[in-house]
Amino acid sequence: MVLSHSLLVAVSAALFSPGLAAGVSTELQSVLKNTHGSNEYGYPTDFTRGILPIPVHSHNDYWRDIPFYTGLSKGCTSTEADVWLYNGTLYVGHDESSLTEERTFESLYVNPMLDVLKRQNPKSRFVTSPTKNGVFDTTTSQTLYFFVDVKTSGPETFKAVIAALEPLRREGYLTTLKDNKTVTSGPITVIGTGNTPLDMVGPVADRDYFFDAHLDSLEENPEMTSLIAPIASTSFQEAIGSLTYGDNDAVLNDKQLATLRSQISAAKERGIGARYWETPYYPIRIRNAVWRTLLQEGVALLNADDLDAVAAYF
């Protein structure tokens, strides 16, 4: 069931208003308070107004108080859902103990995405042709990467994921591949990861879902291209190794930096973006130094758990 207008308003108020109010001057608050309250101050696509996209992946997004919307409010251009298939229904959670009847792939992600995109693509006499605006009002061409981490049996679960995406597909909101040649970017780019079978993605010439390649083994897989995997990911801990905490910000040694550059370069040569998970989250100085290094070296997405911290960093 699609989220009601009242729930969307409540989510909007909870997520977007506090930050906006905090940044509004006393003078402007006074002006707003004393206006005539006309509708001319609002517009159809203002749900995400003022939110600037940042190259951040909302890691373990389903753990947040309000999944999807929290990351959206911070400007994250990537999100994820861990999915488990039971009796034909896809449930969302980190492990089996965290699953509930209410927290489904549809209720936490598909329907909210559909609701926001319908707001971003209104129909009115001013719209002369159909639009495919993304979730961000400030940058309507920005796609939202949606990683679907398959936890139960790959073939059955990913088949259910493909079927569950139908509402977004029907509206034309998904990034697509045609004839194994042409990628048309859409508001949502679905990327299967975890137990997603590569043979359910790579050989399919016409599709609206992609694969999360292994960044650390790209050089060994020449057949992996951006037509299959727009993003390639790996564990920072496993690929780069532990860091030595010194007195300066150069936390990667020469060998580690060379490995990082080699992996990112191998991805870029094929038009694939790089993402590292399991990056350090403390000490804060080291975390920020790693973020800075990753951005300088050209990763497509920073993996982050603390969205307040990463938003403040940007």
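Mentor: Start with a term. Two strands pair if DSSP finds at least two bridges between them. Keep in mind that this model is predicted.

Trainee: OK. In S3, what is the bridge partner of Trp84?
Mentor: Tyr91 is the bridge partner of Trp84.

Trainee: How many bridges join strand S2 to strand S3?
Mentor: There are 4 bridges. S2 covers residues 76-86 and S3 covers residues 89-92. The two strands run antiparallel.

Trainee: And how many residues sit between the strands in that hairpin?
Mentor: The hairpin has 2 residues between S2 and S3. Asn87 takes a positive phi there, near 50 degrees.

Trainee: Which other residues have a positive phi although they are not glycine?
Mentor: Asp179 has one of about 55 degrees. Glu278 has one of about 60 degrees.

Trainee: Where is Asp179?
Mentor: Asp179 is in the loop between strand S5 (176-178) and strand S6 (182-184). Its relative accessible area is 47%, so Asp179 counts as partly exposed.

Trainee: And where is the place of Glu278?
Mentor: Glu278 lies in the loop between S10 and H10. Glu278 is partly exposed too, because its relative accessible area is 42%.

Trainee: What else is in that loop?
Mentor: Pro283 is there, between strand S10 (273-277) and helix H10 (284-297). The peptide bond from Tyr282 to Pro283 is cis, with omega near -15 degrees. Most peptide bonds are trans.

Trainee: New topic: rings. How many aromatic pairs does a search of the whole structure find?
Mentor: The search finds 11 aromatic pairs. One of them is formed by Tyr109 and Phe146. That pair is stacked, with 5.5 Å centre to centre and 25 degrees between the planes.

Trainee: Which parts does that pair tie together?
Mentor: Tyr109 lies in helix H5 (residues 105-120), and Phe146 lies in strand S4 (residues 144-150), so the pair ties together parts that are 37 residues apart in sequence.

Trainee: Are Tyr109 and Phe146 buried or exposed?
Mentor: Both Tyr109 and Phe146 are buried.

Trainee: What about Tyr281 and Tyr282: why is that pair edge-to-face?
Mentor: The planes of Tyr281 and Tyr282 are at 65 degrees, so the pair is edge-to-face. Their ring centres are 5.0 Å apart.

Trainee: Buried or exposed, Tyr281 and Tyr282?
Mentor: Tyr281 is exposed, because its relative accessible area is 61%. Tyr282 has 55% relative accessibility, so Tyr282 counts as exposed.

Trainee: Which residues do ring pairs link into a cluster?
Mentor: Phe47, Phe68 and Tyr69.

Trainee: What sits over the ring of Phe147?
Mentor: The charged end of Arg275 does, at 4.6 Å from the ring centre.

Trainee: Now zoom out. How many helices and strands are there?
Mentor: The protein has 11 helices and 11 strands.

Trainee: What share of the residues count as buried?
Mentor: Of the 314 residues, 47% count as buried. The protein exposes about 15800 Å². Carbon and sulfur atoms supply 52% of that area.

Trainee: Last one. What share of contacts join residues at least 24 apart?
Mentor: The share is 64%, among contacts between residues at least 6 apart in sequence.

Terms used:
Residues are numbered from 1 along each chain as its sequence is written. This is a predicted model: local features need pLDDT of at least 70, side-chain atom pairs count only at pLDDT 80 or more; totals for chains, interfaces and linings use all residues. Side-chain values use heavy atoms; hydrogens and water are left out. Rings of Phe, Tyr and Trp (its six-membered ring) pair if their centres lie within 6.5 Å; planes under 30 degrees apart count as stacked, over 60 as edge-to-face and the rest as tilted. Buried means under 20% relative accessible area, exposed over 50%, partly exposed in between (1.4 Å probe, protein chains only). A charge sits over a ring if NZ of Lys or CZ of Arg is within 6 Å of the ring centre and within 35 degrees of the ring normal. Contact means heavy atoms within 4.5 Å. Accessible areas come from the Shrake-Rupley method with a 1.4 Å probe; for residues, only the protein chains shown count as cover.
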